[in-house]
There are 2 protein chains.
Amino acid sequence: MDWDDSISLQRKEMNLDKYWFGVCHELSNNKLVSLLSLISSTIVSAKPYNIPSLGLSGGIFLKGGGTKTTKAAAQTNAETPKNDYEIFFYNQTLDHFSYTPESYTTFQQRYVINSKHWGGAKENAPIFVYLGAEDSLFDGDVADMSGGLLTENAPRFKALLVYIEHRFYGKSVPFVSFQNAIKNATLRGYFNSAQAIADYASVITYLKEKFSAHYSPVIVIGGSYGGMLATWFRLKYPHIALGALASSAPVLFFHGALPYNEYYAVVSKDFKQASKSCFHTIKNSWSEINKVASQPNGLSILSQRFKTCSPINGSEELKDFISGIFMDAAQYNSPPKYPVTMICRAIDRASNTTDILGRIFAGVVATNKTKECFDTRQNLTSGTESDGYAWQRCSELVGPFGERGDTMLERDNSTLSNFTNGCINSYGVPPRPHWITTYFGGKDIGLVLRRFGSNIIFSNGLKDPYSASGVLKDISDTILAIHTVNGSHCLDIVGASPNDPIWLVEQRKRELDVIEGWIKTYYADLSSFKKTK
Amino acid sequence: MDWDDSISLQRKEMNLDKYWFGVCHELSNNKLVSLLSLISSTIVSAKPYNIPSLGLSGGIFLKGGGTKTTKAAAQTNAETPKNDYEIFFYNQTLDHFSYTPESYTTFQQRYVINSKHWGGAKENAPIFVYLGAEDSLFDGDVADMSGGLLTENAPRFKALLVYIEHRFYGKSVPFVSFQNAIKNATLRGYFNSAQAIADYASVITYLKEKFSAHYSPVIVIGGSYGGMLATWFRLKYPHIALGALASSAPVLFFHGALPYNEYYAVVSKDFKQASKSCFHTIKNSWSEINKVASQPNGLSILSQRFKTCSPINGSEELKDFISGIFMDAAQYNSPPKYPVTMICRAIDRASNTTDILGRIFAGVVATNKTKECFDTRQNLTSGTESDGYAWQRCSELVGPFGERGDTMLERDNSTLSNFTNGCINSYGVPPRPHWITTYFGGKDIGLVLRRFGSNIIFSNGLKDPYSASGVLKDISDTILAIHTVNGSHCLDIVGASPNDPIWLVEQRKRELDVIEGWIKTYYADLSSFKKTK
């Protein structure tokens, strides 16, 4: 087995492919990290991976849930035709934080500009910068650029639109193919968040210089991991960005900021709120699955009952598949269809006609009624994004271990120790679990930022399990928490639709009004600053 | 000639040894960077270096001017006996900003703790952290720790005192001897300010954990380059430090923050304010020196007239020596002796009895009346500190080029281009002149920080030529400029003396009162934060 196969398998087992944030098709859960304890002895085994990808659920997670949806919507959006966008490449420094001979190497970083609505440098018109997260900026098409809150509102602000791709994703991979970059232990060492926001600082500084837009206020925006980047960018580079809109950014997710991983508790609460009986059915299903699995021919029975496309190799494979569906449903529990409600309605409806396994299966079917069978192994996405984010998780983006509260899922017994061992096995180096909180903070954020910093919106939807690691209380007059009770992951920053519920329309309106307020205050400051200069 | 000799010679010619900040024996001037244009062709020549070191002027630059003075004072200070200090070494990460296998290497970083006055973690008593700059923390003796504003006032605040050594200085050199570290192109790449403050973040985080002092407010302090580090630390790590006292920190010195290097203008103003005739004598002396030098036997005449210990090799050698004395006098123009006044008094008194060269010589003699001859080549310090700072200047700490205003010194014609060439010749890599302002900001600091950040004191003495690159206006209610008209470089943070002028006593008092206010506000915030948590 060569390096590629080995790392790929290990990652599957660690479920690293499944645990990213990202604006759109991001996923969740480190539950399966508990599997890490098994890794050393089972490197080449077919140990099932754990968390299903969004893709698995087909189109059910709907508008607002994914890049793909946004793209599809955008392709029919005549307001922002493709030719408003120009693609550029910036000569980016590989390592901003050292002066080794190697650090001077540069690579090509992709960014996109739409100046159609820009009021120009003379007016000091704003610049909206979308900070790329764990994904290609777009797949060879500018359609992605067309959706999104700030993009749609560029005319109101006369804003220049800039989209910058995150290093090592899309076309912004240094020097070699992504596959070669990620297996080069030295090169992938520079694939991290501090370098990424330093990239953004360099590109934006360059553009302000290029356009003589020295006094144009810059607003950075991002969702999920990108929302953390936006937060951190405003905090680390206040001289470059005036403010940040951080959507569904679990900035408190990292080891040391919060004692527990509340993700599972929110998933459970979402289901309990939709239906108590549904919650209890799910909660009781795991022991039932385990019981059946332990019987002679049990796995075969389970395969049959859940119409798996191929026989399952163990009960974990099935439980991971099912729990992944529930977690995705919670994270992307978006209007108009609200997947959690759909699943619970199906489960509850089946309660009189079938046993507990039949009810759970009815919930699974609700996510895709047209499928003839369910591929419990297809919940693993592959490609640059998942491979890249697997590395980011194993280096610095280390979440908390341990849970609390009443969960309907099987409890996560993973520990930092077995997670670390898995990472060492995969990459040769351990994660640095405390670095994110040392460099960016997080712990006691309400105390720290009460009198420090300004102009950050932390937007969340409380149905999103990541909202538990987000900022949900206003910290100061200008560091605000804007959340909705029924919103889901990144819902506010994807494109608007005529059918959006009023609370979503209001959340977006408030965010835009706040940003407008920042810009107005800045213009007043600028005017008095220039007078006294 | 081996690498050591080559680099050493080039550095001499570039005057890199002479241009650092640092709390105490720091020096100034990039005037001599103009020599860089000559470097390529004169690597092994004996081209004179340009700016005299403070050491050359012996004890004349007085109390408040240097480590040596502080140390001497401290050695007789019975209030803080040596055994209150404990020396530790922290296992520090070489590269905080990458995850390459090499980055995980650790080195031993030295720090010192004095807990004599500390109120303890239960009281959330404060922690004062002195951020080491371009120097050894001390020379095998804890005496250095005894002086200084926060050290002397630890009892008032019941503060824990922590002193952390800057990487690559003193005993905090990674792995090998300094001489071997600085000539290793890869290793020295990690010798920079971003890594240094990340080191401080790691050590302080570790200590707060170790002492369970999670809610003890941390105040960082530093002078000159150390003052910049303190400023940047508060801005980048607000979750670790509550506030910063940045003494004589030329945070606007870097390329892009201010258009001109105002250093020379302030030196000239200091002399003009002391005596107009003195100013004009100095201003006119350079052409006179040039005239004599161009005569047959002219250099010999100059050597004789200025009692140089050995014959000078050119007029530049002499002019550098003299202008270095004047610049040092301005930077360290401290009470009670005020070197600028001493020099000008001597120059003016000689006006009736001798020619212009004689008057200048009288000014030189005033700085050290006991010397039998003046060594125009001894103005080059050597050793770890100067070698280290030379590299820092050639990598990131790149000042502005070009001057304006009425200067009594010969105008500096150096450019970024010849400076860059010199650095490439010396180190194989060019400086990144824009990185400091990209990473830390600087330009329009009053606009940027007006509504961002808090709790920074920028203290300055306006006689200090570096004050022109400092913050001299209050930016907000908590980002304050506290300066004195007659103060000099770092004067406020060195140890107090019974003979200190009232304005200096008042400056220090105000600084301490402001810090006390930050801490009180923090305790109130902490109390309400804990209630709502």
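Q: Why is Ser212(B) counted as exposed?
A: This is a predicted model, in which local features need pLDDT of at least 70, side-chain atom pairs count only at pLDDT 80 or more, and totals for chains, interfaces and linings use all residues. Ser212(B) has 11 C-beta neighbours inside 10 Å.

Q: Why is Lys158(A) called partly exposed?
A: Lys158(A) has 13 C-beta neighbours inside 10 Å, so it counts as partly exposed.

Q: Where is Lys158(A)?
A: Lys158(A) sits in the loop between α5 (154-157) and β4 (160-164) of chain A. Helices (H or I, at least four residues) and strands (E, at least two) are DSSP runs, numbered from the N terminus. Residues are numbered from 1 along each chain as its sequence is written, while chains are lettered from A and ligands numbered from 1 in the order in which they are written.

Q: What is the phi of Lys158(A)?
A: Phi of Lys158(A) is near 50 degrees, a positive value in a residue other than glycine. Most residues other than glycine have a negative phi.

Q: What is the phi of Ser212(B), and where does this residue lie?
A: Ser212(B) is not a glycine, yet has a positive phi of about 50 degrees. Its place is the loop between α7 (193-210) and β5 (218-223) of chain B.

Definitions and conventions. A residue is buried if 20 or more other C-beta atoms lie within 10 Å of its own, exposed if 12 or fewer, and partly exposed in between; C-beta atoms are placed from the backbone.
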